[in-house]
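Here's a quick briefing on ring contacts and helix packing. Have a look at the model first, then we'll go through it by topic.

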Amino acid sequence: MVRQTQILLKIPLFAGLSEGEVQALAQRAIERRFAAGEMLFWEGEPCAGIFLIAAGSVKIFKTAPSGREMMLALESAPTTVAELPLFDGGPYPASVRAVDGVLAYFINKADFQSVCRQYPDVALKVLAVVGLRLRHLVAMVESMTFGSVTQRLAHLLLDAGKQAGGSEFALPLTHQELASRLGTVREVVSRNLTRFRAEGLIRIEGRQVAILDRAGLEREAEP
């Protein structure tokens, strides 16, 4: 119980909640473990509850009728997934798969709603997270509609550097996952990365990326 409370306190969704509010959630949390590649849930399944990711990372994606996957986000602990269907009564709007070993805490829908009625600040926190996800999706749709793959890839690299707080960072995505994220195919991503490297914009060593010419990469990201 104490361990669960400590883990939940590290999740941004619950930042600012009182100890009593977090304990109310911890009492209802069931530990779940997922191996790399294992599904937490599939798009279209009835929403059973919310997953609190305590360790590891997960891929959020949608699947086209052709079977092609479109990655919406890569979320790393501490975080949460499946907030929206807790309130709108609909099914899970996307699928979630473990990227590596994942430790999660599951709170079923009825229990989470009960806590929200008892502690309204919890519901407000959830709505804030849902709002951030919506903004992210709007930005993604905008970039896919109006920007080229080259622009989107340059923008993604710049954002990754910004999140890492410097010009060097570990890219958490494979070329295939980058292609899925950008709505294209692996060959196009590889070709653009090769050009960026040849023109001295970036250096790539395995998963490690260094931005060598930020101004040049910013020009590539311009519409």
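How many aromatic pairs does the structure hold? There are five aromatic pairs, where rings of Phe, Tyr and Trp (its six-membered ring) pair if their centres lie within 6.5 Å, and planes under 30 degrees apart count as stacked, over 60 as edge-to-face and the rest as tilted. Keep in mind that this is a predicted model, where local features need pLDDT of at least 70 and side-chain atom pairs count only at pLDDT 80 or more, while totals for chains, interfaces and linings use all residues. Residues are numbered from 1 along each chain as its sequence is written, and side-chain values use heavy atoms, with hydrogens and water left out.

**Aromatic pairs**

- One of the five aromatic pairs is Phe41 with Phe51, a tilted one at 5.6 Å centre to centre and 35° between the planes.
- Phe41 sits in strand S2 (residues 39–41) and Phe51 in strand S3 (residues 49–55), so this pair ties together parts ten residues apart in sequence; helices (H or I, at least four residues) and strands (E, at least two) are DSSP runs, numbered from the N terminus.
- Both Phe41 and Phe51 are buried, with buried meaning under 20% relative accessible area, exposed over 50% and partly exposed in between (1.4 Å probe, protein chains only).
- Trp42 and Phe61 have ring centres 6.5 Å apart and planes at 85°, so they pair edge-to-face.
- Trp42 is partly exposed at 41% relative accessible area, whereas Phe61 is buried at 0%.

**Cluster and charges over rings**

- Phe34, Phe41, Phe51, Tyr92 and Phe106 make up one aromatic cluster.
- Arg32 puts its charged end over the ring of Phe106, 5.9 Å from the centre; the criterion is NZ of Lys or CZ of Arg within 6 Å of the ring centre and within 35 degrees of the ring normal.
- Lys59 lies over the face of Phe61, 5.5 Å from the ring centre.

**Helices**

- Gln4, Thr5, Leu8 and Leu9 in H1 meet Val22, Gln23, Leu25 and Ala26 in H2 (contact means heavy atoms within 4.5 Å).
- Helix H7 (residues 175–182) has Glu177, Leu178, Ala179, Ser180 and Leu182 as its buried residues.
- Just after H7 comes Gly183, with a positive phi of about 70°.
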